[in-house]
Structures are given as C-alpha cells and as structure tokens.
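I opened this entry to look up a few helices and a pocket. Here is the structure I worked from.

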Amino acid sequence: MASQDWLDRDFYDVLGVAKDADDSEIKKAYRKLAKQYHPDRNEGDDAAEQKFKDIGEAHAVLSDPEQRREYDAIRSMTGGGARFTAGGPGGGAGFEDIFSAFGGGGGGSRVRYSTGGGSPFAGGGAGEPDLEDILSMFGGGGRPGFGGQGAGFRAPRGPVKGQDLTARTELSFRDAVEGRTISLSVNGEKVNARIPAGVKDGQKIRLRGKGAHGDPGAERGDLILTVAVGKHAVYGRDGNNLTIDLPVTFAEAALGATVSVPTLDGTQVKVKIAPGTPSGRVLRLKGRGIATKTTTGDLLVKVQVVVPSELSDAEREAVEVLRDARTDDPRAALVADASA
C-alpha cells in the first residue's frame, strides 16, 4: 500500500487495538476478526468481504515492524496533528520532529531556509533538507504559518469520494431465492440495483457506486442495502436448502407409494415413499434448492402422515380390524426407558 493511502486509514481502529498494542495483541485481534468476516462465513455479503480485505491490509502493515514504524511516522506528521513550532515543552512537534520522520538527524541547528530548486532533500548545502520545499510537499506555502491557518500543516488531498448511504427494501420469498433487479429512490435519484440469488432475510448488501455523489471527478459512495424477505405459503429455508412439508395418507405411509412434490420452479418431481415411512421423516431431493453463484442447495421434503378427522363406517371397520390384528405395544420401550 502506498504511503498516501495511509493518511486516511486508521489501521489500529480497523483491528480494534490501541496504538501501543504489541505484536501478540495485533495478531489476536486479526485472527478474531478474520474468522468473523471470512467470505466463507458471509457468502454474498459485500460489506463483510470489504471488511475482510481491510482487516488483512491493516494486519499486513502493523505486523511488519518496518512498515509499522513508517506508518506511525506518517500518521503522526499529517493525521496526528503535527505542528511547525519551536519545540520544547508544550510546544508540539518541532522542526526536528518533522525531519526525523524522513530519516534526518534532528536538531534545530540543521534547519536551513533556501529558495534553491531541485530535490527537497538536496537543498542549500551539506546535503541538508530545504525547509520550503519540504513544506510545499504538504500543500504549504514554504513558511511556518502558511495558508492563513497558523502554524499547522496538512497533507494535500484530491477530490473527496461521496458518502455511503443506507436503505432498506422488501423482497418476496421467490425474488430473494431467484434474484432480481429492483429500482430504489436514493436522495431523490432513481437507482437500479441487482439483488443476487439466495439473499437472506436481514442480509446487508453493499452496492458499490450507488451512494452519494462526491466532489467533481471523485467516485460515488456505496449504498448499504438491508433486505427483508417475506414468507412463502409452502416453502421454508434452511441455509441454501428449501424445505417443504409433504402430506401423505396413512395407507401411503404404511404400504408405500410414489407421490408428486412441487418445486419452486413450477415443475413436479416424483418421490418414492417407502413402506412403513413414519411422520417426520425427511427425504432429500438433490439440487432442487437455492442456486447461488457458488453452490446449489437441496429440497428437503418432510413427510407428514395425515390422520382423517372423520371416518365412514367402512373405514372405521377396516381400522378396527387393523387395530385388533396388531398385538404389539408401540409405547412399551417408552415406558421401560422412563422407569430406568
């Protein structure tokens, strides 16, 4: 990462550690956050993906002693409020502090004012830095107190990127599973956004370049969209698997049968109910679940044996015959285990 990028990035804040944290604290914080925001645990979440990248960048700099020293020096000069003062107690950072960040030897007696050209580090004699040129690198006018702002100085900045915005939207169960393009009104402006297939209820999606406008020539901010997903009358969801309750008759469950199961795409699939299938057994239909860009789930079919609320005389007689023919007690093991 270039030093210019470091000016606007607080890597200590990214990792949630103090500026004097030691190597073990930095490593511990990185491992915890990397596990939390790893893409494998946040599939389809762009915000988590960017957070994972930021964590990696912060750790790469702060875990390297040399890069961390340079980072701290640059941040203390610019973002840390360094001042061009005479130094001494209560006087902020002196000239020698500025030059020491560039590898100089420090000491006010080494500072030289010069109007000569060339490199700011090859100024007026003896290889000493040229103060005016060094100040100009930070957007100053070559003198302490430049720019009418007293003795402070700040790094130059380019066009400012637009702010990130937040919004909410509601999707039907089917639209969330299949994905769709929606239109939103963001600060009075119409924005089209593609919602990926498989988005979950409550999931946040980062839509890059869909936020507020920045300065002329700068990038737009991002739009952080929170998605609410509605319920479906038939299907439920378990990760990337779809779930469905399949009613079957007592005879189908007892004797076995082949029945049709509706799928979300409108087709029907034949499934075999084995003889003696109990209520609550789950049958898995491979590849009939939610298809994302990385994986496809299954359709989990839960068998529900339907007990009729009313019986005809013939049905009642048939059930009584079955009852009388069975001599085993289905609750025998339950009673035995309860008394153990």
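Predicted model: local features only at pLDDT ≥ 70, side-chain atom pairs only at ≥ 80, totals over all residues.

At 1.5 Å a residue, the 13 residues of H10 should span 18 Å, and the end C-alpha atoms are 18 Å apart, so the two agree.

Next I looked up burial in H10. The helix is hardly covered: of its 13 residues, the count of buried ones is 0.

I then turned to helix H3, residues 23–37. H3 has 15 residues and reaches 21 Å from first C-alpha to last, close to the 21 Å expected at 1.5 Å a residue.

Which residues of H3 are buried? I noted Ile26, Ala29, Leu33 and Ala34. These four cover an arc of only 125 degrees around the axis, so they lie on the same side of H3.

Last, I looked up the second largest pocket, which has a volume of about 420 Å³. Of its 15 lining residues, the closest to the centre are Phe250, Val306, Pro308, Val319 and Leu322. Helix H9 (250–255), strand E11 (299–306) and H10 each supply at least two residues of the lining. H10 gives the most, with 4 residues. By class, I listed 11 nonpolar, 2 polar and 2 charged residues in this lining.

Technical notes:
Residues numbered from 1 in each chain as written. Heavy atoms only, no water. Expected span 1.5 Å × (residues − 1). Buried < 20%, exposed > 50% of the residue type's maximum accessible area, 1.4 Å probe, protein only. Arc of directions from axis to C-beta. 1 Å grid on protein atoms, 1.4 Å probe; cavity = no way out; pocket = protein on both sides within 12 Å on 5 of 7 lines; lining within 4 Å. Points joined across faces, edges and corners; volume = space filled by probe spheres on them. Nonpolar A, V, L, I, M, F, W, Y, C, P; charged D, E, K, R; others polar.
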